[in-house]
Amino acid sequence: FDRLPGVEHLRQLTRLLLRPDCPVPPRGWLFVGPPNSGKTTVAKAIAADNQLPLILADLPALKAKYVGESEGRLRRFI
């Protein structure tokens, strides 16, 4: 987060959500947005700042042309 200008509010938000007494702690995060908007960079910063594991997925790469194959690929990924 130190090298990312303008995202200090995200650091504060994650600290609130990841505190031990949070009533509903997050089970995961999903970042959605246009390409090159910083989703991966912010996800890496959150994981590193909080010593959390990070799993990155290229969902379009899981898509297949046959019925049911995409679902199987997604199940294997998960």
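How many aromatic pairs does the count come to? The count comes to 1 aromatic pair. That pair is formed by Trp-29 and Phe-31, whose rings are stacked, with 6.2 Å from centre to centre and 25° between the planes. Before I continue, please note that we are looking at a predicted model.

Trp-29 is partly exposed, with a relative accessible area of 37%. Phe-31 is likewise partly exposed, at 34%.

Of the elements, α2 gives the most, with 5 residues.

The largest nonpolar core has 5 residues in all: Phe-1, Val-7, Val-42, Ala-45 and Ile-46. Val-42 connects this part of the talk to the previous one, as Val-42 touches Phe-31 and also Leu-10, leaving aside residues up to four places away in sequence.

Next, a charged residue. Is Arg-11 buried or exposed? With a relative accessible area of 12%, Arg-11 falls under the 20% cut-off and therefore counts as buried. Arg-11 is found in helix α1, which covers residues 8–17. What does the side chain of Arg-11 make a polar contact with? The partner is the side chain of Asp-49, at 2.9 Å. Setting aside residues up to four places away in sequence, Arg-11 touches Phe-1, Asp-2 and Asp-49. Phe-1, as we saw, is one of the residues of the largest nonpolar core.

Finally, I would draw attention to the backbone. Most residues other than glycine have a negative phi. Against that background, two residues deserve a look. Asn-36 has a positive phi, near 60°, and is placed in the loop between α1 and α2. Asn-36 is exposed, with a relative accessible area of 84%. The second residue is Gln-51, with a positive phi near 50°. Gln-51 lies in the loop between α2 and α3 and counts as exposed, at 68% relative accessibility.

Key: Residues numbered from 1 in each chain as written. Predicted model: local features only at pLDDT ≥ 70, side-chain atom pairs only at ≥ 80, totals over all residues. Heavy atoms only, no water. Core = buried A, V, L, I, M, F, W, Y, C linked by side-chain atoms within 4.5 Å. Buried < 20%, exposed > 50% of the residue type's maximum accessible area, 1.4 Å probe, protein only. Contact = heavy atoms within 4.5 Å. Helix = DSSP H or I, 4+ residues; strand = E, 2+ residues; numbered from the N terminus. Polar contact = N/O pair within 3.5 Å; in protein donor to acceptor, adjacent residues only side chain to side chain. Phe/Tyr/Trp six-rings, centres within 6.5 Å; stacked < 30°, edge-to-face > 60°.
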